[in-house]
Amino acid sequence: MRYVFKDLNQTWDLEAFFPGGSASPQFAAYLDSLESDTEALAAEVAGGKIQGALAWADRLTKIQELSKRLRQAGGFVSCLDAQNVNDRQARIVGGRLGQVRAGFASVMTVNDREMLAIPDGEWRELLETGAMAPLAFNLNERRERAKEMLPTEQETLVNALSVDGYHGWSELYDLVTGRMSVTVEEKGKTVTLSMGQMSNRMSDPDPAFRASLMEKWEQAWAKEANLCALALNRLAGYRLALYKKRGWDSFLKEPLEINRMSKATLDAMWDTIDRNKDRLVTYMRRKKQYLGLGKFGWQDYGAPVGKAESKMRYDEAADFIVEQFGQVSPRMSALATSAFRERWIESQDRPGKRMGGFCTSFPESQQSRVFVTFSGSLGNVSTVAHELGHAFHQSLMNDLPPMAQQYAMIVAETASTFSELVVADAAVGHARSREEKIMLIDDKLQRAVALLMNIEARFLFETRFYEARRKGVVSVERLNELMLEAQKEAFADGLDVYHPHFWASKLHFYSTGVPFYNFPYTFGYLFSAGIYARAKEERSAFEQKYADLLRDTGRMRVEDLAKRHINADLTKPGFWQSAIDSVLSDLPEYLEMTKQSR
Ligand SMILES: [Zn+2]
């Protein structure tokens, strides 16, 4: 490895945007002008209809200008919040920004309605004019979505009622699960654990401990199953009733639309996954044998294998990432270099920081900031790589109109997962011992099980549950049956013990943000893997295609994106097969290395 970095500063530079942190006078003034400009635009939009290409161009420029400034402010607030959870002033300025955002959202609703009122012919002409043409995809999408909604007064009523009649059920679920606890025996002591603590312990190296946790876990959820089933039934019932009123016949319409993808793509992805289950089952059988387990349960596929986790210093990690990025894309590598040097990354391991990692962008400054807590594990290295992938993605979109930068969840993780794959592959090659190599490969393979089997079980369950819910309330017993069937099918009977109350324990089923919060994970994972497979094949010729693809993520449907930039048809199995082959490429080596059990 080349040594490029020495004594990197591990705190980020926020002074470049607004000096003085949460008490920054410059930021307060920025919020003032954001507030008054949003009010002015709201008054303008409420003041009556506009006509003609020039007036529309002016309106859209104002809207986009504001949305850009809102993102700039939003980036600053999330950085302040994350770097010090005790910063009260950060929450105050965050609250102010929230108000401005709500005001902006109303502007957008009124504006969408106005676009909808324009006759189709006139609309098409407008979209051909200079200022609007680059936004044609996004404007059309907004208009089409507005068309599918109920009349405004009814949608307003729906929104008002949803607070108590919809979101309230999700809050009830949070309340119930938040106060649940389980008493277990841990290393000879009796301890009481919250459900969150318990789920962290589920990856304990001791299989007997894991199995006993799993048993208690099932029992605990069984006890609260009636309440959970009530919430789940009401949430689904609410959605189905609303869809029916809007005239939507499929419950997949909304999640597919949000993600700009077709049902044919979704089907092709799952069908190809199903045809490759035998390799995942082979992996699980071998893991069972290698770990010397009598039974292989739900809690075992993600169990740790191997040990000797290497540590890396931060400077070393930076060298490693920059070098590995360079193997696939000099531009990615250059971006990472400046991110490390110019203090785009907050990585210091200190108390008072928020958990987790993220990347946020400052579109007015054309810069991003990455938040992680780096303690030297390989997992930390891959988190840094992941977040830098997001920064790279943003850097390619900086000069596009703000509206054309808004990508769907399903492609949001393309660049980040890609970066992670690059680093994970390299880490296997650099493993310092046999044990460590087994651990790193196992890590990749268990991730494949999670994304191709566990998530599929969620999707199968949710689909069948919605079918059943159309005919009436679904009982706890039936929910358990549906879940068990879904798991057996998704895991191709590869487990000995399943988790029938998974429908109660998984938060995602109760989230009111996005319905079917499952398949986008699998799509994102395989989409990146498929692109990564191409990158390895085409080497340097690939970089430009990759950059162009990322740049268009905010203004194309996924099928068009793949067709145009990598000539792949997502509605056919070919691309998905190559993606699966890529994520399972280490399997033969794993099987070779784990022939003898430990
Ligand atoms: Zn991410």
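Which residues coordinate the zinc ion? I looked this up before anything else. The ligands are H386 (NE2), H390 (NE2), E413 (OE) and E413 (OE), at 2.1 to 2.7 Å. Donors here are N, O and S atoms within 2.8 Å of the metal (3.2 Å for Na, K and Ca), and water is not among the atoms, so sites may look incomplete.

I note that this is a predicted model, in which local features need pLDDT of at least 70 and side-chain atom pairs count only at pLDDT 80 or more, while totals for chains, interfaces and linings use all residues. Residues are numbered from 1 along each chain as its sequence is written, and side-chain values use heavy atoms, with hydrogens and water left out.

**Entry: zinc site**

I checked the geometry next. The 4 donor atoms subtend angles of 51 to 137° around the zinc ion, so the arrangement is irregular. For the record, four donors count as tetrahedral if all angles lie between 85 and 135 degrees; four count as square planar and six as octahedral if opposite donors are over 155 degrees apart and all others between 65 and 115; anything else is irregular.

I read the spacing of the donor residues in sequence as H-x3-H-x22-E. Both H386 and H390 sit in helix α15 (residues 378-397), 4 residues apart, about one turn of the helix. Helices (H or I, at least four residues) and strands (E, at least two) are DSSP runs, numbered from the N terminus. H386 and H390 are both buried. Buried means under 20% relative accessible area, exposed over 50%, and partly exposed in between (1.4 Å probe, protein chains only).

**Entry: T417**

I followed the site to T417, which lies in helix α17 (residues 414-429). Its side chain reaches the backbone oxygen of E413 at 2.6 Å. Apart from neighbours within four places in sequence, T417 is in contact (heavy atoms within 4.5 Å) with H386, R447 and S528. T417 has a relative accessible area of 6% and is therefore buried.

**Entry: salt bridges**

I counted 40 salt bridges, each a side-chain nitrogen of Lys or Arg within 4 Å of a carboxyl oxygen of Asp or Glu.

E141 pairs with R145, their closest N and O atoms 3.1 Å apart. The two residues are 4 apart in helix α5 (residues 136-147), so about one helical turn separates them. E141 is buried at 13% relative accessible area, whereas R145 is partly exposed at 33%.

D581 forms a salt bridge with R279, with 2.7 Å between the closest N and O atoms. This pair links distant parts of the chain, D581 being in helix α24 (residues 573-583) and R279 in helix α12 (residues 277-290), 302 residues apart. I have D581 as partly exposed at 34% relative accessible area and R279 as partly exposed at 25%.

K444 bridges to D586, the closest N and O atoms being 2.7 Å apart. K444 is in helix α18 (residues 434-470) and D586 in the loop between α24 and α25 (587-593), so the pair ties together parts 142 residues apart in sequence. Both K444 and D586 are buried. Elsewhere, salt bridges with shared partners join D120, R143, E144 and K147 into one network.

**Entry: nonpolar cores**

Which residues have the most contacts inside the largest nonpolar core? They are F340 and W503, in a core of 152 residues. A nonpolar core is a set of buried Ala, Val, Leu, Ile, Met, Phe, Trp, Tyr and Cys residues joined through side-chain atoms within 4.5 Å. Helix α18 gives the largest share of this core, 17 residues. Leaving out neighbours within four places in sequence, I listed the contacts of F340, among them F5, L8, Y314, V384 and L388. A second, separate core has 40 residues, including L34, C79, A90 and W123.

**Entry: H499**

I found H499 in the loop between α19 (476-490) and α20 (502-505). H499 is buried at 1% relative accessibility. The side chains of H499 and E218 are joined by a polar contact of 2.6 Å. A polar contact is a pair of N or O atoms within 3.5 Å; within protein, one must be able to donate a hydrogen and the other to accept it, and residues adjacent in sequence count only if both atoms are side-chain atoms. Beyond neighbours within four places in sequence, the contacts of H499 include M214, W217, W298 and M483.
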